[in-house]
Amino acid sequence: MVGDEKPKHIVLVAGSGGVVQHWHLTSGRMLNTITEKDNQVYAVDYRADSRYFATAGKDAFVRLYDETTKQVVHTMNGGNGIATAGHANRIFTLKFNPHDENIIMSGGWDNTVQIWDIRQEHAVRRIFGPHICGDSLDIDENYCVLAGSWRPDHQLQLFDFGTGRLIEDIKIVQESSASQPCNLYSCQFADSSGTLIGYGGSGNNQAKIISRSSGKIVGAVTGLEKAVYSVTFSSDQRTCAVGGGDGNIYLLQNNAK
């Protein structure tokens, strides 16, 4: 995850060894290493102002860090016991709400998206349904939550952030030659309007860009040797970068008119 405002040209990475690192893009230097003891970190995200970043992983905790000091300022786990009990298993994705600096969403193996308020020590409510196994959570300017699930059906869904209600199951187009469905590891809106969606996964190893309104495919790479684990759009939404198990990065052109 790259910080856009402060700090400049920094990429934040994490891994199953519990290590979180800051790298400087232009010089290629590693600037800082944080180790979360006895944890495996699967997800990181910067807040929109880049003053804070958050991590999550195997232990089902969400940790909020101060970007300047690189110290944990808040650790959240469990639920409020009313609207949610919190995560019961590993967390594979987390996302700051760009419209509310105090809210973080997370998802994982327990078939829930948890909503966290950083002013509290626990999740405040949940959205039930998505089986998330990768970086597959996003939100648009209308508070519509996009969730991608690693399963053979109901892989790509839209939920209302406020109510948690399922808005739409988006059908994933299957090639006639494909022997397996595409189980999703990653999905993302192209921009805050949410008009385009990129997704990728395993089984039928592929990545596609689709129009949310028409369902039309406007960019695709299919038949890869290994799964797709990550998709992300350029700032002008013209290109989608795709990464996966074969060690390559593919660039998909957005052909939407």
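Terms and values in a predicted model

Author: Met30 is partly exposed, with a relative accessible area of 39%. This is a predicted model in which local features need pLDDT of at least 70 and side-chain atom pairs count only at pLDDT 80 or more, while totals for chains, interfaces and linings use all residues. Residues are numbered from 1 along each chain as its sequence is written, and side-chain values use heavy atoms, without hydrogens and water.

Reader: Why is Ser50 called buried?

Author: Its relative accessible area is 2%, which is under 20%, so Ser50 is buried. Ser50 also has a positive phi of about 60° although it is not a glycine.

Reader: What makes β9 and β12 edge strands?

Author: Four strands form an open antiparallel sheet in the order β9-β10-β11-β12. Strands pair if DSSP finds at least two bridges between them. β9 (91–96) and β12 (123–128) each have a single partner strand, so one side of each is left without a neighbour in the sheet.

Reader: How do you know that β11 and β12 pair?

Author: They share five bridges in the antiparallel sense, and the definition asks for at least two, so they pair. Ile115 stands opposite Arg125 in β12.

Conventions. Buried < 20%, exposed > 50% of the residue type's maximum accessible area, 1.4 Å probe, protein only.
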